[in-house]
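Visitor: Hi! Could you walk me through this one? I'd like to start with the aromatic rings.
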Amino acid sequence: MTISARKRKDIPVMDNNIIKTQRTKHYILLDVVITIFAWIGFIYLVASGFTRNIFNTYHLPVKASIPQTINSLLLYCVIMIILASILIGWALYNKRRFRVERRKRREEIKLETLAESLDVDPNVLEALQANKTSRIHHDGGARITQIADLEGSKNP
């Protein structure tokens, strides 16, 4: 069995307890495009409201357009207060709900325990952890015979 492995250490396998997932470029681009369209729509609505009031496009006397503007602003403020109270209420509910960790943390899995569970040599696991990309060769009994490092090669 040919395995390229680092010098074996007695470190736990799960040394980083936070799961991190990287967003793909597709979702980042979609997020940026939706945000840009939302800001353009917001700016258009605000600017068109101001220009109608400033240039009086409804052909109303200035005194008649002021109460409409105040009523619109009051309606917007009421809607913002309702949405803010829902958001703050949800945050406080989650803070109270998750105040106490209800799950017990699992103990760290040692390399030897994992190797025994998978029925492989601990050097094999270290070789798999050492490389981001590897080619694994198996025999007829599905046992690992060879691990090839693919980090530097271009042909998988």
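Guide: Happy to. Rings of Phe, Tyr and Trp (its six-membered ring) count as a pair if their centres lie within 6.5 Å; planes under 30 degrees apart are called stacked, over 60 edge-to-face, and the rest tilted. Please keep in mind that this is a predicted model.

Visitor: Fine. How many aromatic pairs turn up in the whole structure?
Guide: A search of the whole structure gives two. One is Trp-39 with Phe-42: the ring centres are 5.8 Å apart and the planes stand at 85 degrees, so this pair is edge-to-face.

Visitor: Where do Trp-39 and Phe-42 lie?
Guide: Both are in helix 1, which covers residues 25–55. They are three residues apart, about one turn of the helix.

Visitor: Is Trp-39 buried or exposed? And what about Phe-42?
Guide: Trp-39 is exposed, because its relative accessible area is 52% and the cut-off for exposed is over 50%. Phe-42 has 48% relative accessibility, so Phe-42 counts as partly exposed.

Visitor: And the other pair?
Guide: That one is Trp-90 with Tyr-93, and the pair is tilted: 5.6 Å from centre to centre, with 40 degrees between the planes. Both residues belong to helix 2 (residues 62–97), again three residues apart, about one turn of the helix. Trp-90 is exposed at 52% relative accessible area, while Tyr-93 is partly exposed at 41%.

Visitor: Staying with surfaces, which residues make the nonpolar surface patch?
Guide: Leu-73, Leu-75, Tyr-76, Val-78, Ile-79, Ile-82, Leu-83 and Ile-86 make a patch of about 800 Å². Take Ile-82 as one of them: this residue lies in helix 2 and is partly exposed, with a relative accessible area of 45%.

Visitor: Which residues does UniProt list for "transmembrane region"?
Guide: The unreviewed UniProt entry lists residues 27–50 and 70–93 under that name. In the model, residues 27–50 are 100% helix and 0% strand, with the end C-alpha atoms 35 Å apart. Residues 70–93 are likewise 100% helix and 0% strand, and there the end C-alpha atoms are 34 Å apart.

Visitor: New topic: charges. How many salt bridges does the structure hold?
Guide: One. Side chains of opposite charge can pair when their charged atoms come close. Here Asp-31 pairs with Arg-23, and the closest N and O atoms are 3.5 Å apart.

Visitor: How exposed are Asp-31 and Arg-23?
Guide: Asp-31 is partly exposed, with a relative accessible area of 39%. Arg-23 is partly exposed too, at 46% relative accessibility.

Visitor: Can we do the strands? In which sense do strand 2 and strand 3 pair?
Guide: Strand 2 (residues 134–138) and strand 3 (residues 144–149) pair in the antiparallel sense, over five bridges. One example is Ile-136, whose bridge partner in strand 3 is Ile-147.

Visitor: What sits between those two strands?
Guide: The hairpin has five residues between the strands, and Ala-142 takes a positive phi near 65 degrees there.

Key:
Residues are numbered from 1 along each chain as its sequence is written. This is a predicted model: local features need pLDDT of at least 70, side-chain atom pairs count only at pLDDT 80 or more; totals for chains, interfaces and linings use all residues. Side-chain values use heavy atoms; hydrogens and water are left out. Helices (H or I, at least four residues) and strands (E, at least two) are DSSP runs, numbered from the N terminus. Buried means under 20% relative accessible area, exposed over 50%, partly exposed in between (1.4 Å probe, protein chains only). Patches are made of residues with over 30% relative accessible area and no salt bridge: like charges are joined within 9 Å, nonpolar side chains (Val, Leu, Ile, Met, Phe, Trp, Tyr) within 5 Å. Accessible areas come from the Shrake-Rupley method with a 1.4 Å probe; for residues, only the protein chains shown count as cover. A salt bridge is a side-chain nitrogen of Lys or Arg within 4 Å of a carboxyl oxygen of Asp or Glu. UniProt positions are given in the numbering used here, feature names are shortened, and annotations may be inferred rather than shown by experiment. Two strands pair if DSSP finds at least two bridges between them.
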